[in-house]
Amino acid sequence: MSPKKWIEGTNSIGIVSKAGRYGGTYAHSDIAMSFATWISPEFQLYIMKDYRRLKTDENRRLSLNWNLNRKISKLNYRIHTDASKDNLIPPELTPAQVSYTYANEADMLNVVLFGKTAKQWKGENPAVKGNMRDDATLN
């Protein structure tokens with residue numbers, strides 16, 4: 001069966017057949033790949049291998065982007081918490097008082113940066129592993 005007869009017989013869309021000097025059969029890329037893989041198992045293996053390569057590359061790039069966002073978020077948080085330690089906590093406090101004051105400052109920073117404390121965020125996201133900084137965007 002010719003492509004033209006098949007198109008007319010099945011009332012297909014996404015595939016066109018033209019006669020003449022610059023004619024040919026043209027199809028949507030998904031249809032063309034389906035036909036090509038049916039005709040050539042070697043081509044099908046090539047497509048599958050290339051698809052896996054592209055997905056692996058995409059996942060690696062996304063993973064690098066996530067790691068960069070995480071590192072920058074962690075660094076910014078560290079700058080804020082170190083500034084709190086160095087400038088807001090008096091040296092005459094006991095270790096227990098320092099711990100309590102530092103925790104209050106950390107909560108305040110989380111509220112300023114994220115709009116909620118770490119405890120509130122964890123209560124709203126019990127299924128998420130890690131902390132709110134892990135889930136933060138670069139901004």
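Visitor: How do you know what confidence the protein carries?

Guide: This is a predicted model, and its confidence is given by pLDDT, on a scale from 0 to 100. The protein averages a pLDDT of 83, and 96% of the residues score at least 70. Confidence is lowest in helix H3 (residues 41–87), with a mean of 80, and highest in H5, at 91.

Visitor: Why is Ser17 called buried?

Guide: Ser17 has a relative accessible area of 18%. The term buried applies under 20%, so Ser17 is classed as buried.

Visitor: What makes the link between the side chains of Ser17 and Thr25 a polar contact?

Guide: The side chains are joined at 3.3 Å, and the cut-off for such a pair of N or O atoms is 3.5 Å. The pair therefore qualifies as a polar contact. Beyond its neighbours within four places in sequence, Ser17 is in contact with Pro3, Lys4, Ile7, Gly24 and Thr25.

Visitor: What makes E1 and E2 a pair of strands?

Guide: At least two bridges are required, and E1 and E2 (residues 24–27) have four, in the antiparallel sense. Lys18 stands opposite Gly24 in E2. The hairpin has five residues between the strands, and Gly20 takes a positive phi near 115° there.

Visitor: How do you know that the buried residues of H4 line one face of the helix?

Guide: In H4, Glu105, Ala106, Leu109 and Asn110 are buried. Seen down the axis of H4, the buried residues fall within an arc of 145°, so they line one face. On the other side, Ala96, Tyr100 and Val112 are exposed.

Visitor: Why is the reach of H4 described as close to the expected value?

Guide: Helix H4 (residues 95–114) has 20 residues and reaches 27 Å from its first C-alpha to its last, against the 28 Å expected at 1.5 Å a residue. Just after H4, Gly115 takes a positive phi of about 85°.

Visitor: Why is Lys122 called partly exposed?

Guide: Lys122 has a relative accessible area of 34%. This lies between the 20% limit for buried and the 50% limit for exposed, so Lys122 is partly exposed. Lys122 is in helix H5 (residues 118–124). Leaving aside its neighbours within four places in sequence, Lys122 is in contact with Val128 and Gly130.

Definitions and conventions
Residues numbered from 1 in each chain as written. Heavy atoms only, no water. Helix = DSSP H or I, 4+ residues; strand = E, 2+ residues; numbered from the N terminus. Buried < 20%, exposed > 50% of the residue type's maximum accessible area, 1.4 Å probe, protein only. Contact = heavy atoms within 4.5 Å. pLDDT = per-residue confidence, 0-100. Expected span 1.5 Å × (residues − 1). Arc of directions from axis to C-beta. Polar contact = N/O pair within 3.5 Å; in protein donor to acceptor, adjacent residues only side chain to side chain.
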